[in-house]
Amino acid sequence: MNRFSYTKTHTLEEAIHEVIPNDGTKFIAGGTNLIDLMRANIERPDHLIDITHLDLHQIEETEQGGLRLGALAKNSDTAYHELVQKRYPLLAKAILAGASPQLRNMATNGGNLLQRTRCYYFYDTATPCNKRIPGQGCSAIHGYNRIHAILGTSDYCIATHPSDMCVALAALDAIVNVKGREGERTIAFNDFHRLPDDAAHIDSTLRQGELITSIELPAKGFEKHYQYVKVRDRRSYAFALVSVAAALNLDGDSIAEARIALGGVAHKPWRDVEAETFLQGKVAEPENFEKAAEMILKEAKGYKYNMFKIELAKRAIVRALTEARDLQTPEPLNCYTYNRHHQL
Amino acid sequence: MENIAEIKQPGIAQGQQPASEGQLLPVQLNINGKNYLLHLEPWTSLLDALREYLDLTGTKKGCDHGQCGACTILADGKRINSCLTLAVMYDGIPLTTIEGVAEGDTLHPLQQAFIDHDAFQCGYCTPGQICSAIGMMKEGRAQSSNDIHELMSGNLCRCGAYSNIHDAIEQVMEENINPEKK
């Protein structure tokens, strides 16, 4: 790990004004990805600002009937929050599909959005990578690219965004509130992460020195018909090969509204509004789900080792939509607490 | 604050210069009910602070990468990977390591259950497994045998003692619900 200086900050204003744009200063909160990247010499900040004491931990209802998730609320606290479980179970399920309980206890909501790809060439400083050093070339395109993207790739980068949480946030049309020296702004979730194009080193539209303050969910939670399907190499604690967040509003047999977002297939959570619009008014049946899946994967491009993802994604979409349609609203989570007679 | 043991880094205690110009930050760590005042370089991980500067070597370094769970400890009662965080960020936050789970000579029920079930071979992952299981029980989200598998997935055991680890944890959870089973 490189040497750096460290300060703890207690107010948002102080945090924002301590950052000098482009000088290698980074914010740290959960740190689960940043510390790992620093240890691998991929991130080399000169200065870390510890923001864990800022007042951004709340999860609260908005005036518009939605829910505001504080940027510093932990992933575990968010997934198990009563209102998230009740009104946005798709989000809860997606968060709990990711990482391990220890990591979810550390990782914050803001940090989840900013985690970087797990492309092994990005992590391996002995190989060229445009995301690490722009212009170096991409080792994955002609390398072992089994976990890589099939949609929205460029000649510069075929990395995927690793988050599960973000796939659900994309499907739910969340917005990201950020604050910087120039003031506050709001970024639609679909505009937050970007495609690699010819600047693969830039993951998101967050500007240098800006801080995520919260993520806002609109009132509509699709709590009756949702599913998060995550296909991976082992049943738990692995990144997605393909994941699908599906949400439906049904009007009898037909679809009033559909949302579909994919993870593990692109540089950002992948939404296809055209396919969602196609489903609107159609009967909620596998035949239509298959057509939507074909539309979403129409432009997909496989590489030597990840061709399987195209068919896998189609099947995962059909399964997620079918299971979302058939979902019997589950009983509220009945968690019995084991009486701990042995106190720590 | 009577209870503070001041510990300096070995190199610095001997009057040597720190390895770099980096700042040394005072950090008060509260571990297993005891306070320690250390002066640490900011890049010292919480795991290294425990092992290298406090001789609390019960917490293990496996992958140093957040993937194996051998470094699991409890911070404010919640299980975390101590390798993926900086010691300076845990100033004043109560920490529990494997050294602090027994009460005197009485083992924590999970420690006893691990022995009874032969829930380890080499034992390297065991402190992390036990701290993780304590954290899981406190969270109260595990409702079934499958839940235990899922919610313990952050702890790897390269010896493959999983089935006995699972049984040890399940037994303690059952005893907690129904003390007659003991």
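Which domains does the domain assignment give for chain A? There are two: domain 1 covers residues 5–52 and domain 2 covers residues 226–324. Such bounds come from an automatic or database domain assignment. The C-alpha centres of domain 1 of chain A and domain 2 of chain A are 36 Å apart.

This is a predicted model, in which local features need pLDDT of at least 70 and side-chain atom pairs count only at pLDDT 80 or more, while totals for chains, interfaces and linings use all residues. Residues are numbered from 1 along each chain as its sequence is written, chains are lettered from A and ligands numbered from 1 in the order in which they are written, and side-chain values use heavy atoms, with hydrogens and water left out.

Chain B is also divided: domain 1 spans 4–100 and domain 2 spans 109–181. In the contact between them (heavy atoms within 4.5 Å), 15 residues come from domain 1 of chain B and 17 residues from domain 2 of chain B. About 1300 Å² is buried between these two domains, with carbon and sulfur atoms giving 56%. Buried area is the accessible area, taken with a 1.4 Å probe, that two parts lose on being put together, summed over both. The count of salt bridges between the two domains is one; a salt bridge is a side-chain nitrogen of Lys or Arg within 4 Å of a carboxyl oxygen of Asp or Glu. B:R79 and B:E139 form a salt bridge, with 2.8 Å from N to O.

The next topic is the interface of the two chains. Here 42 residues of chain A touch 49 residues of chain B. Together the chains bury about 4200 Å², 55% of it on carbon and sulfur atoms. Two salt bridges are found across this interface. A:D77 pairs with B:K78 in a salt bridge whose closest N and O atoms are 3.5 Å apart.

Finally, there is the empty space inside. Rolling a probe the size of a water molecule over the atoms shows where such space is left. On a 1 Å grid over the protein atoms alone, a cavity is a set of points where a 1.4 Å probe fits but cannot get out, and its lining residues have an atom within 4 Å of a point. Grid points are joined across faces, edges and corners, and a volume is the space filled by probe spheres set on the points. The structure has four cavities of 30 Å³ or more.

The largest cavity holds about 90 Å³. Of its 15 lining residues, A:C119, A:C129, A:K131, A:C138 and A:C157 lie nearest its centre. The second largest cavity has a volume of about 40 Å³, and its lining includes A:K131, A:H161 and A:D203.

Key: 1 Å grid on protein atoms, 1.4 Å probe; cavity = no way out; pocket = protein on both sides within 12 Å on 5 of 7 lines; lining within 4 Å.
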